[in-house]
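Subject: Structure for you to look at

Dear colleague,

I am handing over the structure we spoke about, and I would be glad if you could look through it with the notes below at hand.

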Amino acid sequence: MTIVVGYVPTPEGEAALSAAISEAGLREQPLHVVNTSRGDSLVDSRFASEDALTAVRAKLDAAGVVYEIDQHVSSHDASDEVVDAADRVKASLIVIGLRRRTPTGKLITGSQAQRILLDANCPVLAVKATY
């Protein structure tokens, strides 16, 4: 089994990565890090730069967990990519970070986290960043 984490270079993404590293250590399972972009804009701040991925690799190496980083541009939403990756690797857990949003904001724009929670075929651990 594998733990899948949806990573974006934000405080919420860092919180999800830290929680996923802890879970991977506790469960003695490898970690599959997913960072994706739809590629429908010239700049996507959620798509990790090479420097950000280097920092992620350093953090994972320091933690001593076995990992794989899956970063690509796709025509699908990030939530679909995370759920598809979890199904593909037969994940035991998905870890995601939640950001603070108003109920109205969630209603109007939807929520990637909500879609993962509803579509996942395994347990989902949702964490919040500490500010």
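This is a predicted model: local features need pLDDT of at least 70, side-chain atom pairs count only at pLDDT 80 or more; totals for chains, interfaces and linings use all residues.

The protein has 131 residues, of which 40% count as buried. If you consider the contacts with a separation of 6 or more, 78% of them are accounted for by residues 24 or more positions apart.

In soluble globular proteins, nonpolar side chains tend to be buried together. The largest nonpolar core here has 22 residues, and the members that touch the most other members are I3, V5, L17, L31, V33, L60 and V95. Two or more residues come from each of β1 (2–6), α1 (11–27), β2, α2 and β4 (91–98), with α1 giving the most, namely seven residues. Another core, of 13 residues, lies apart from the largest one, and V34, A86, I116 and A120 are among its members.

The helix pair to look at next is α3 with α5. Two packed helices are described by the angle between their axes and the distance between the axes. Helix α3 (residues 78–88) packs against helix α5 (residues 112–119) at an angle of about 30 degrees, and their axes are 8 Å apart; because angles under 35 degrees count as roughly parallel, α3 is described as roughly parallel to α5. The crossing of α3 and α5 is right-handed. On the α3 side the contact is made by A78, S79, D80, V82 and V83, and on the α5 side by Q112, R115, I116 and D119. Sorted by class, this contact of α3 with α5 has four nonpolar, two polar and three charged residues.

Is S45 buried or exposed? Its relative accessible area is 61%, and S45 is therefore exposed, since the cut-off for exposed is over 50%. The C-alpha atoms of S45 and T10 are separated by 8.8 Å, although the two residues are 35 residues apart along the chain.

With best wishes

How values were computed:
Residues are numbered from 1 along each chain as its sequence is written. Side-chain values use heavy atoms; hydrogens and water are left out. Axes are lines fitted to C-alpha atoms, for helices over the stretch in contact, and angles run from 0 to 180 degrees between N-to-C directions. Helices (H or I, at least four residues) and strands (E, at least two) are DSSP runs, numbered from the N terminus. Angles under 35 degrees count as roughly parallel, over 145 as roughly antiparallel, 65 to 115 as roughly perpendicular and the rest as oblique. A crossing is left-handed if the near helix is turned anticlockwise from the far one by less than a right angle, and right-handed if clockwise. Contact means heavy atoms within 4.5 Å. Ala, Val, Leu, Ile, Met, Phe, Trp, Tyr, Cys and Pro count as nonpolar, Asp, Glu, Lys and Arg as charged, and the others, Gly among them, as polar. Buried means under 20% relative accessible area, exposed over 50%, partly exposed in between (1.4 Å probe, protein chains only). A nonpolar core is a set of buried Ala, Val, Leu, Ile, Met, Phe, Trp, Tyr and Cys residues joined through side-chain atoms within 4.5 Å.
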